[in-house]
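User: I have a model open and want to talk through its contacts. Can you put it up?

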Amino acid sequence: MTQATLFERIIAREIPATIVFEDAQCLAFKDINPQAPLHALVVPKRPIPKVSDAVPSDAALLGHLLLVAAQVARDAGYGEAFRLAINNGAGAGQTVFHLHVHVLAGRPLTWPPG
Ligand code: 5GP
């Protein structure tokens, strides 16, 4: 049996988190180590380790995550200026191997990112 990811344990309410949105396909909750006044994570309930593991049949789910991420920013009052980030692989900074979209807003977001 494969071990549940950290985010599956948050989805199962085994680990507490501040949940800001939930529907049948995904959960959004505040990041434990926020990098901006709004820093939420949108995660699919069906775990996909990283974007590069997604397959064509995941397309609707991936699109849904983006729509929910925009809604999370809007609901927090940052609908016009927010950044979505997805780290893919350890070399790009991914530390939790359950695909998640970072939603960052509420401070100047410079480019390029670090
Ligand atoms: P990654 O580095 O994989 O793109 O992002 C993982 C994110 O998960 C990090 O921003 C980190 O702060 C967040 N994180 C790690 N452990 C927990 C936790 O137990 N609860 C919450 N809410 N966020 C977590």
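User: Which residue's side chain meets R46 in a salt bridge?
Analyst: D58, at 2.9 Å from N to O. A salt bridge here is a side-chain nitrogen of Lys or Arg within 4 Å of a carboxyl oxygen of Asp or Glu. This is a predicted model, where local features need pLDDT of at least 70, side-chain atom pairs count only at pLDDT 80 or more, and totals for chains, interfaces and linings use all residues. Residues are numbered from 1 along each chain as its sequence is written, and side-chain values use heavy atoms, with hydrogens and water left out.

User: Where do R46 and D58 sit?
Analyst: R46 and D58 are each in the loop between β3 and α2, 12 residues apart. Helices (H or I, at least four residues) and strands (E, at least two) are DSSP runs, numbered from the N terminus.

User: Is D58 buried or exposed?
Analyst: D58 is buried, at 4% relative accessibility. R46 is partly exposed at 43%. Buried means under 20% relative accessible area, exposed over 50%, and partly exposed in between (1.4 Å probe, protein chains only).

User: How many salt bridges does the structure hold?
Analyst: Five. One of them pairs K45 with E22, the closest N and O atoms being 2.8 Å apart. K45 is in the loop between β3 and α2, E22 is in strand β1, and 23 residues separate them. K45 is partly exposed at 26%, and E22 is partly exposed at 36%.

User: Which residues are linked with K45 in a network of salt bridges?
Analyst: R13 and E22. R13 lies in the loop between α1 (6-11) and β1 (19-22). Its phi is positive, about 65°, although R13 is not a glycine. R13 is partly exposed, with a relative accessible area of 46%.

User: And what does K50 pair with?
Analyst: K50 forms a salt bridge with D53, with the closest N and O atoms 3.2 Å apart. K50 is partly exposed at 23%, as is D53 at 34%.

User: Switching to the ligand. Which residues are closest to it?
Analyst: D31, N87, G93, T95 and H102 are the closest of the 16 residues around the ligand. A residue is near if one of its heavy atoms lies within 4 Å.

User: What lies 2.8 Å from an oxygen atom of the ligand?
Analyst: A polar side-chain atom of H102. The protein covers 83% of the 520 Å² of accessible area that the ligand has on its own. Those areas come from the Shrake-Rupley method with a 1.4 Å probe.

User: What does L38 touch?
Analyst: Beyond its neighbours within four places in sequence, L38 is in contact (heavy atoms within 4.5 Å) with V72, A73, A76, Y78, V103, L104 and A105.

User: Last one: where is the cis peptide bond?
Analyst: Between W111 and P112, with omega about 5°. P112 is in the segment after β5.

Key:
A polar contact is a pair of N or O atoms within 3.5 Å; within protein, one must be able to donate a hydrogen and the other to accept it, and residues adjacent in sequence count only if both atoms are side-chain atoms.
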